[in-house]
Amino acid sequence: MDGAVVAFGNWLQNRSFALAVATSDWAYPFVQATHFAGLTLWIGTTFAIDLSLLGVGNQYQTPLQLFNALFVWNWVGFCIAVLGGFLLFSASAATYVINPAFLTKLGFLIPVALLLHILIQQKVRQWGQRADTPQVARVAALVELLFWISVVTAAVSIPYFD
């Protein structure tokens, strides 16, 4: 691993906010719970929209109506998850920057899944106006679901590479 990356990890985990999270009896669990709550909101609303595009779930709303109802909550969850994730990362940054599962999650899976998520959010206005969504929308929703499941799988694998 590049020495500069490890040096950055050491520098970050020695910042006062990172030390506060890492050394407190209550801060780390609180930040972790906040991160998980944000992830639940983010992934839950994403899955609801994707499942709607796949034709699963509430048949009384079009995917577009569901998307419009959940859009703000989706991005609120994302912001909470990112803030909590950054604080958790900063508490042990030197360890995370050399962890293969973390690098897979952050370096590949999240950028690809996030780009697909944004693309779907742009296209759902076109795709989701009717209950019978086009095949391309169904494929995109299924692929996004698989990517986010892969992100979660990589995330829960992180402790096994310590």
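Author: A nonpolar patch is made of residues with over 30% relative accessible area and no salt bridge, their side chains joined within 5 Å. The model discussed here is predicted.

Reader: What makes the nonpolar surface patch in this chain?

Author: F71, V72, W73, V76 and I80 make the patch, which covers about 430 Å².

Reader: Why is V76 called partly exposed?

Author: The relative accessible area of V76 is 31%. Buried means under 20% and exposed means over 50%, with partly exposed in between. The value for V76 falls in between, so V76 is partly exposed. As for its place, V76 is in helix α4, residues 63-91.

Reader: Why is S16 called exposed?

Author: S16 has a relative accessible area of 62%. Exposed means over 50%, so S16 counts as exposed. S16 is in helix α2, which spans residues 16-23.

Reader: How far apart are S16 and A91 in sequence and in space?

Author: They are 75 residues apart in sequence, and their C-alpha atoms are 9.9 Å apart in space.

Reader: How much of the chain counts as buried?

Author: Of its 162 residues, 38% count as buried; the cut-off for that is under 20% relative accessible area. The chain exposes about 9000 Å², and carbon and sulfur atoms supply 70% of that area.

Reader: How many helices and strands does the chain have?

Author: The chain has seven helices and zero strands. Among contacts between residues at least 6 apart in sequence, 82% join residues at least 24 apart.

Methods
Residues are numbered from 1 along each chain as its sequence is written. This is a predicted model: local features need pLDDT of at least 70, side-chain atom pairs count only at pLDDT 80 or more; totals for chains, interfaces and linings use all residues. Side-chain values use heavy atoms; hydrogens and water are left out. Patches are made of residues with over 30% relative accessible area and no salt bridge: like charges are joined within 9 Å, nonpolar side chains (Val, Leu, Ile, Met, Phe, Trp, Tyr) within 5 Å. Accessible areas come from the Shrake-Rupley method with a 1.4 Å probe; for residues, only the protein chains shown count as cover. A salt bridge is a side-chain nitrogen of Lys or Arg within 4 Å of a carboxyl oxygen of Asp or Glu. Helices (H or I, at least four residues) and strands (E, at least two) are DSSP runs, numbered from the N terminus. Buried means under 20% relative accessible area, exposed over 50%, partly exposed in between (1.4 Å probe, protein chains only). Contact means heavy atoms within 4.5 Å.
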